[in-house]
Amino acid sequence: MERPLHQWRLTVLLLSLFCCLYSFKVSGQLSYTFSTHSGTFTALTNPTTILSGSSDDGVTNVADIGFSFSYGCNTYTQFKASTNGWLSLGDNSITALPTNAMNTTGSGPVIAPLWDDLRTASNGITYSVTGTAPNRVLTVEWISMRWDYQASGWVISFQAKLYETTNVIEFHYTQNGTAVNNGSASIGISGGSSATDFYSVSGYSASATAAYGTANNNLNQKPANGTIYRWTPNGMTYTSSTTTQAATDPISKCNNLQQPIIGIQIVTSSCSPPLNVTSFNIRMNGTTTNGNVYNIRIYYTGNASVFAPINEFAFATPASGTITVSGSQALVTGTNYFWVAYDINPGTPTGNDFDAQCTQITVGGVARTPTTTSPSGLREMADCSIAPGGITNASFWVKANAGTSTTTNNNTLSTWSDQSGNGRDAANGDNDNRPRYYDNSTNNLNFNPVVDFDEAGQEDDDADFMDIDDNGVLSAGNNPYEAYAVIVPGVNNLTTPGKFLFAGEAGTNNFNAFDVRSNYSVNDSWGINDLVVQNIWAVDRPCMLTFDYNYNRRETFRSGGSIGTRTSVVRTSSNANNALGYQRTADREYYDGSIAEIITYANTSHGTTTREKVESYLGIKYGVTLEHNYLASNGVTVWNRSTNAAYNHNIIGIARDDISALSQKQSKSTSTSQDILTIYIGSSKQTNQQANNGTFTAGDRSFFMVGSNNGSPLDSYPVSTAEKPAGICCRILREWLVQKTNFTNTSVKLEFNFNSITTGYLPLNAGDLRLLVDADGDFSNATILNTPTITINAGSGIATITVSAAQFTSRPYFTLASVSTNTALPLQLKAFSGLCRDQSVQLKWTTATPSQPDFVVERSHDRMNFSPAGTVKSNASGNYTWVDQSPLPGTMYYRLKTTNENGTPVYSTIITVNSCTISAIRLSTDPFTNESTLMLQLPRNSMAEFSLLDLQGRRLEAPGFTGRRNLEKGVHYLQVHIPAAATGLYVLYVTVNDERHVYRILKK
């Protein structure tokens, strides 16, 4: 059926727009040899019908080709066909397109044996896959077609054949008895994404020819019976090669790995089969001393023209003369980018030069000489300059302890100066929309200030944000990037995504944003193919994130550990409208929470060591326990996770690293599972550690790092354990390990704050306390330190010990102990839980020893101020229950109080019971033990079902967890049991009263 011309043009326009938004395959120019042949038309036997009956302007559903077919430098496994004599490769959204035009775009690659306004006969469109691998053939058949759709009878039959392995295309024809009616057809093939990338046939049968880029849309004669038009792909051909100077900026001694020296460009045409590069001949001419280079590495970024340390082709050892670097890399059509990069000794003298030449490339087995073998320019060694982790060339760097327009607590911030040296300052001239500078004991993050953004219910008039008018914070187009952030998200991000960093324009794949959102997720968003990872952050708790894009894929890290990857589509983001705290265009999506520090590197992707240097700087500064070694700016390992394997919990450090602008004089773990230990130098601990008067006597790159074994900081009464020396009555089970690097301070202070376990813990008598230090971690033979060797101050639940740092040189392990039950250290319970029951709260607990004094149950509405709520008599079983018949409204906190044998009060941990009228389900995973816990708060008795599946959809049975069960009203904590050997990604389905919740669990 004919379509009005304006309607047809609108259809093409809409399809073109759809393609621009959603089609991101690599586009390679078609390169085929056309030939005509004569044979016998053989109709299909028992084919599969994909469009039945007589039809005008119909399109089939998607069907499988039956094998992988290469076309236009892409591989396809599916197709659709139109009644109008053409098929499209892939699962594209298409219409029948009755008006033929070989320059059409937006419908995917078009293969057109006879494209015109046709009509099928009663047998419709059929297909069949014949043969065996690797020589299978797909035949799509149009039998007895009306040409055009108003013809009085059947005019012509034809087939399109796709051949496996050779990727040849053939059109087969046979005539029917009726003459052509008003024919105006096209025969040819099209790439589908460019209006000039097509071949179009002119002439008929044996005299037919095909022209590239010139359309003939007016064919009106039938090809002769048995005519075959064959399209044979031309193999990839080498066109040219050259070398370029990859960079000329100095190489920092602190950023000395994977440094690009020269680029190598290889230009090809066509694509199938591809050519392979198998070797490069490299010379280090221009390098002052070859021995200053550890490794020569060659990387490949495909068609991407910006360096990224990905797809390592091969590496070689430096030498004089010609160095042949051998490997194998299939090329793509167009310009291929390779990079020669050096790993350089950071001890290289300042001013030494680094350069390279490429004198020969082996492509497809043929030696090729680049047009330019020795590009002008070189790079020289430079002293480290101040940068995060010593990693230079940051595009943007804001931190709350520098560059803020105010340093007064709770004042609004008008400007936040960029510390990268690029002048990309953040600002807001409207006082109603300015974030606040916080420098207080409640908001500070490891004794460092933060900048707080209030989303104000997403109201534009009041929500906080800052604009960055000098763009360039992130890269544009498809170029790589690296972004680091330390944030403290608020609860309102669970309702509306909170974009804490944004660049770009509104629209699909037109911006780059980083946000926190529902399901406690983090998102690296392009508006398409977003990388969303759930259960990553907690409300009002610090979260350290790294976002990496390196052409091949996006990857997100939390605390230095990978939490998710996504194979990317081609990125097309712009770099306009840079902003902090909201999306500067379209949907605002204001961020709720604090920002401590953000660092970005546009047009670069960091390798592992480089990334870990930046993360080490942030981890030490903000008390974040990392999942990799901690590195100084010069690459020295200052905390080794392998060596210290049992003590990789609550890792903290006091450190000075001038190149990172790091001077952290006091430190406390900011992990969700808090530690009781704070370490510091100086005469006293300060709210803001910059006010601490301590100094690092060793000067630069001085580190005192501490990690715990995650043992319980609780204990009760004399402990039955071999790991305590004679004279010690009791000790806490938590132990710490020290790793010092160039740390020579006379003393360091260790503060043990039992209030972080239970507020108001009092029985700390300084005369009873001892510090145990040990050489091997077995405290049965530990050295007992007491005054005057150390100084102990105790009171208000806090014990502070001043000790010489030299004590930890040969005895790096330490813990806190007591010589008297007067200071028995806190009460330890085997279990302590609270459940909602009707309008009451039921507490249950079990003691570590059956004989206990009576218990006083205390409760609080703010976790700080507790008051007695009831008394429970001791019993021989050690199992206790108490019911609060009149619980406080909202969230409630409970603890237990008892006394030791000398009558001194001892307190338990604090438990939380949320409002008994609220239903809530939360999954949390301990990053250190890798154990997951499911919390269900149920306002009524419920039926629950738990299912655990792997990524192949296979159901896992976890005894004691999976399956259906009845749960009483209240709060339940369930351990998610995954088979010990089964590492990987799992999906957890939780169904409560027919309402399903889905969670992802990564088991390492």
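**Before starting**

The structure is a predicted model, in which local features need pLDDT of at least 70 and side-chain atom pairs count only at pLDDT 80 or more, while totals for chains, interfaces and linings use all residues. Residues are numbered from 1 along each chain as its sequence is written, and side-chain values use heavy atoms, with hydrogens and water left out.

**The whole chain**

Display the complete chain first. Its C-alpha trace spans about 115 × 75 × 55 Å along the principal axes. The chain contains two helices and 75 strands; these are DSSP runs numbered from the N terminus, helices (H or I) having at least four residues and strands (E) at least two. Of its 1004 residues, 57% count as buried. Here buried means under 20% relative accessible area, exposed means over 50%, and partly exposed lies in between (1.4 Å probe, protein chains only).

**Disulfides**

How many disulfides does the chain hold? The count comes to three, a disulfide being a pair of cysteine sulfur atoms within 2.5 Å.

Select Cys-73 and Cys-271, whose sulfur atoms are 2.3 Å apart in a disulfide. This link connects distant parts of the chain, 198 residues apart: Cys-73 is in the loop between strand E3 (63-71) and strand E4 (74-82), and Cys-271 is in the loop between strand E18 (259-269) and strand E19 (276-283). The link of Cys-73 and Cys-271 is left-handed, with -115° about the S-S bond. Cys-271 has 15% relative accessibility and therefore counts as buried.

Continue to Cys-254 and Cys-384, a disulfide with sulfur atoms 2.1 Å apart. Cys-254 lies in the loop between strand E17 (251-252) and E18, whereas Cys-384 lies in the loop between strand E27 (379-382) and strand E28 (396-399), so that distant parts of the chain, 130 residues apart, are linked. The torsion about the S-S bond of Cys-254 and Cys-384 is about 100°, so this disulfide is right-handed. Cys-254 is buried, at 0% relative accessibility.

Next, select Cys-729 and Cys-730, which form a disulfide with sulfur atoms 2.2 Å apart. Both Cys-729 and Cys-730 are buried.

**Backbone features**

Most residues other than glycine have a negative phi, and most peptide bonds are trans. The following stops are of another kind.

Select Ala-133 and Pro-134, joined by a cis peptide bond with omega of about 5°. Pro-134 is in the loop between strand E8 (125-130) and strand E9 (137-147). Then move to Trp-147 and Asp-148, where the peptide bond is cis, with omega near -5°. Asp-148 lies in the loop between E9 and strand E10 (156-163).

Gln-458, which is not a glycine, has a positive phi of about 65°. Gln-458 is placed in the loop between strand E33 (450-453) and strand E34 (466-468). Ala-661 also has a positive phi, near 55°, and is found in the loop between strand E47 (649-657) and strand E48 (662-664).

**Salt bridges**

Side chains of opposite charge can pair when their charged atoms come close. The whole structure has 26 salt bridges, each defined as a side-chain nitrogen of Lys or Arg within 4 Å of a carboxyl oxygen of Asp or Glu.

Select Arg-554 and Asp-524, a salt bridge whose closest N and O atoms are 4.0 Å apart. Arg-554 lies in strand E41 (residues 553-558) and Asp-524 in strand E38 (residues 521-525), so the pair ties together parts 30 residues apart in sequence. Is Arg-554 buried or exposed? Arg-554 is buried, with a relative accessible area of 0%, and Asp-524 is buried with a relative accessible area of 0%.

Turn to Arg-584 and Asp-469, a salt bridge with closest N and O atoms 2.7 Å apart. Arg-584 counts as buried at 19% relative accessibility, whereas Asp-469 is exposed at 60%.

Finally for this topic, select Lys-499, Asp-515, Arg-517 and Glu-589, which are linked in a network of salt bridges.

**A negative surface patch**

Select Asp-430, Asp-432, Asp-454, Glu-459, Asp-460, Asp-461 and Asp-462, which form a negative surface patch. Patches consist of residues with over 30% relative accessible area and no salt bridge, with like charges joined within 9 Å and nonpolar side chains (Val, Leu, Ile, Met, Phe, Trp, Tyr) within 5 Å. Asp-432 is in the loop between strand E31 (426-427) and strand E32 (436-438).

Conventions
Accessible areas come from the Shrake-Rupley method with a 1.4 Å probe; for residues, only the protein chains shown count as cover. Lys and Arg count as positive and Asp and Glu as negative; His and the chain ends are not counted. The place of a charge is taken as NZ of Lys, CZ of Arg, CG of Asp or CD of Glu.
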